Amino acid sequence: MSHDRLERLRQLNRTRFKRHTGIYPETFAEMEIVLDQRERSKKKSGRPPALNASEQLLLTLEFWREYRTFAHLGHDWNIHETTVQRTVERVETALIQSGEFRLPGRKSLKQEENVFQIIAVDAAETPCERPTSQQRRWYSGKKKRHTLKTQVVIDVSTRMILCVATAFGSMHDLTLFRQSGVQIHPETALIGDAGYQGIRQHHGHSVTPHKATKKAPLTPEQRQQNRELASTRLRVEHVIRCLKIFRVLKDIYRHRRRRFSLRVNLIAAVCNRSVAGVA
């Protein structure tokens, strides 16, 4: 039954394949290679797994893409829900440890040999279940619910995600940027939304929207500058939308929060492959 699911998936065209899994077939093949290498390096002992490496990968992608419960996925794959959980976590660990699915990272922002022209930063929030302790820490005044916050830094010209950082929902966007330890090359321009007012103290070559006050309304030139900035910054919103195609980052997060950062990093690296595939 599970073998038939995989075969039907392979028969889909490139567009429908991505609609089903969230990734292109080429990325799926690269992830298969990583898992096959992991299987070959393991010592063979005990009972063989219920699913082969490719089926385990498809199960993990369905979990990311649809974010159904382990019980529902286990029913569809004819395995126990605890087996689903262990399989998903093993696949995620293998992919992140391989080094093939990692982001460029914070250090890439300061490299002399590869200076980015314009980068953009923005934060998105994922609702989570109400924690049993320290509820106020996770409560977002913006979303009026308990959330997990994700910061995304992208290269505007290529829409590639350079690095991400996660925090609890009550943390301010600018505070998260400072605590994430991002250091940017002096020649790189940084743009952000109104939540990053004051970021010039951290990086002098920064641009944020002009804010109007009762005593000092915006001039026509400032309004035009805000519109131009918004059209440029829109790319980071598109990237966040690509991340939230995977419902695990959009729906109410039900699992352990300590694993959320790993999943964000993995999905961001996978999204970079999709952007490269489109380009």
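This is a predicted model: local features need pLDDT of at least 70, side-chain atom pairs count only at pLDDT 80 or more; totals for chains, interfaces and linings use all residues.
**View 1. The stretch annotated as a helix-turn-helix domain.**
Start with residues 50–99, which an unreviewed UniProt entry labels "domain: Transposase Helix-turn-helix". In the model, this part of the chain is 80% helix and 0% strand.

**View 2. W64 and its contacts.**
Now zoom in on W64. Which residues is W64 in contact with, once you leave aside its neighbours within four places in sequence? The list is M31, E92, L95, F246, R247, V248, L266, I267 and V270.

**View 3. The largest nonpolar core.**
W64 turns up again here: with M31, I161 and V248, it touches the most other members of the largest nonpolar core, which has 62 residues. Helix α10 (residues 260–278) gives this core its largest share, eight residues. There is also a second, separate core of 15 residues, and I119, V121, A123 and L162 are among them. As background, nonpolar side chains in soluble globular proteins tend to be buried together.

**View 4. Strand β3 and its burial.**
Next, look at strand β3, residues 145–155. Why can we call β3 largely enclosed by the rest of the structure? Because 10 of its 11 residues are buried, where buried means under 20% relative accessible area.

**View 5. β3 with β1.**
Strand β1 (residues 118–127) runs antiparallel to β3, and nine bridges join the two. To spot one of these pairings, find T126 and look across to its bridge partner in β3, L148.

**View 6. β3 with β2, and their hairpin.**
Strand β2 covers residues 139–140, and two bridges join it to β3 in an antiparallel arrangement. S140 has R145 as its bridge partner in β3. Between the two strands of this hairpin sit four residues, and K144 takes a positive phi near 60°.

How many bridges join β3 to strand β4 (residues 160–168)? Eight, with the strands running antiparallel. T150 has T166 as its bridge partner in β4. The hairpin of β3 and β4 has four residues between the strands, and here R159 takes a positive phi near 65°.

Finally, zoom out to residues 121–272, which carry the UniProt annotation "domain: DDE Tnp4" from an unreviewed entry. This span is 32% helix and 22% strand. Its end C-alpha atoms lie 16 Å apart.

Note on methods:
Residues are numbered from 1 along each chain as its sequence is written. Side-chain values use heavy atoms; hydrogens and water are left out. UniProt positions are given in the numbering used here, feature names are shortened, and annotations may be inferred rather than shown by experiment. A nonpolar core is a set of buried Ala, Val, Leu, Ile, Met, Phe, Trp, Tyr and Cys residues joined through side-chain atoms within 4.5 Å. Buried means under 20% relative accessible area, exposed over 50%, partly exposed in between (1.4 Å probe, protein chains only). Contact means heavy atoms within 4.5 Å. Two strands pair if DSSP finds at least two bridges between them.
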